[in-house]
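Hi,

Here is the structure I said I would pass on. Please open it first; my notes follow below.

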Amino acid sequence: MVAKPVMKPNEPTTGVFSSVRTLECPKIKLPTALTLNTRIKMDGLDLLGMLDDNTIPAAFFDPQFRGVYDKMKYGNEHTSRNHVRVKLPQMSEEVISKFAKEIGRALIPSGHLFLWMDKFHLCTDFRNWINGTPLSVVDMLTWDKGKMGLGYRTRHQTEFCVILQKEPRRAKGVWTIRNIPDVWREKIKKTHPHNKPVQLQAKLIEATTAENDLVVDPAAGSFSVFEACRQMGRNFLGCDIAVYDGAAE
Ligand SMILES: C[S@@+](CC[C@H](N)C(=O)[O-])C[C@H]1O[C@@H](n2cnc3c(N)ncnc32)[C@H](O)[C@@H]1O
């Protein structure tokens, strides 16, 4: 099934800042192995492999990279808190690129990928992840956690959500909320070593999808995107290879 961006007739689409969504999604037929709005335990690459080309309006991807530990060699991996973090299944750069490629294939034209990363990947090699995909960077958000973490020089208080769009790149008719600040402060309750902010993700979902649209997260961790979908009345399809069952900190 090939989705084409569809302009709805008779809708005011003038102005660069129009908040009318004109992009429509095709009807999606999922294989029986995939159930919507539930926490699936499976490899995210297997889940993505079951999706047709050009069918998904928005996806989130928060890779499990060793990032800060590899780059900084803090040597504190054995503290109880970090031990849990390091024990989560890790993704190699090659695996992360495969996820990006599969998401790029499954997104509808002009669909969005919200890609979470730390400052090391942001400033160095994250572009390798999207080489050879139809995705390009259109924006970026800084999440201020309101709480200091580690750091030899400065202390980490932020994470980054790089916003990528599948060709053709455009905001008009696709992105409907224009007042999301690009620095977002949200304190969260930790239930997983890598929870992401539900309210921010809900805003991004609201901005880039319509009611009942499908949002995908193939490495869902605490399933924060599932919660965001629930709040916004969107359908969620997502999985994690491991079920995390401990309090993070
Ligand atoms: C950074 S966490 C995601 C956190 C999530 N965004 C949240 O808000 O809680 C990455 C997750 O990827 C999972 N993971 C690692 N390899 C995977 C794979 N091949 N398929 C699916 N999940 C995987 C890990 O178990 C971990 O829970």
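A residue counts as buried here if 20 or more other C-beta atoms lie within 10 Å of its own. By that rule, buried residues make up 33% of the 249 residues in the protein. Please keep in mind that this is a predicted model.

First, the overall picture. The protein has eight helices and eight strands. Take the contacts between residues at least 6 apart in sequence: 73% of them join residues at least 24 apart.

Next, the two helices I looked at. Helix α7 covers residues 198-208, and helix α8 covers residues 224-232. Two packed helices are described by the angle between their axes and the distance between the axes. For α7 and α8, the angle is about 55° and the axes are 8 Å apart. That angle makes α7 oblique to α8. Their crossing is right-handed. From α7, the contact takes in Val198, Gln201, Ala202, Ile205 and Glu206. From α8, Ser224, Val225, Glu227, Ala228, Cys229, Gln231 and Met232 take part. By class, the residues of this contact are seven nonpolar, three polar and two charged.

Is Ile205 buried or exposed? Ile205 is buried, because 24 other C-beta atoms lie within 10 Å and the cut-off is 20 or more. Setting aside neighbours within four places in sequence, Ile205 is in contact with Ala58, Val215, Ala228, Cys229, Met232 and Arg234. Ala59 is 146 residues away from Ile205 along the chain, yet their C-alpha atoms are separated by 9.0 Å.

Now α8. Its buried residues are Ser224, Val225, Phe226, Ala228 and Cys229. What do they pack against? Their partners are α7 and the strands β1 (39-41), β2 (56-61), β7 (214-217) and β8. Just after α8, Gly233 takes a positive phi of about 70°.

Last, the ligand. There are 23 residues around the ligand, and Gly44, Asp62, Ala219, Gly221 and Ser222 come nearest. The elements that give two or more residues to this shell are α1 (44-49) and β8 (235-240). By class, the shell has eleven nonpolar, eight polar and four charged residues.

Best wishes

Notes:
Residues numbered from 1 in each chain as written. Predicted model: local features only at pLDDT ≥ 70, side-chain atom pairs only at ≥ 80, totals over all residues. Near = placed C-beta within 6 Å. Helix = DSSP H or I, 4+ residues; strand = E, 2+ residues; numbered from the N terminus. Nonpolar A, V, L, I, M, F, W, Y, C, P; charged D, E, K, R; others polar. Buried ≥ 20, exposed ≤ 12 C-beta atoms within 10 Å, placed from the backbone. Contact = placed C-beta atoms within 7 Å. Axes fitted to C-alpha atoms, helices over the stretch in contact; angles between N-to-C directions. Parallel < 35°, antiparallel > 145°, perpendicular 65-115°, else oblique. Left-handed = near helix turned anticlockwise from the far one by under 90°.
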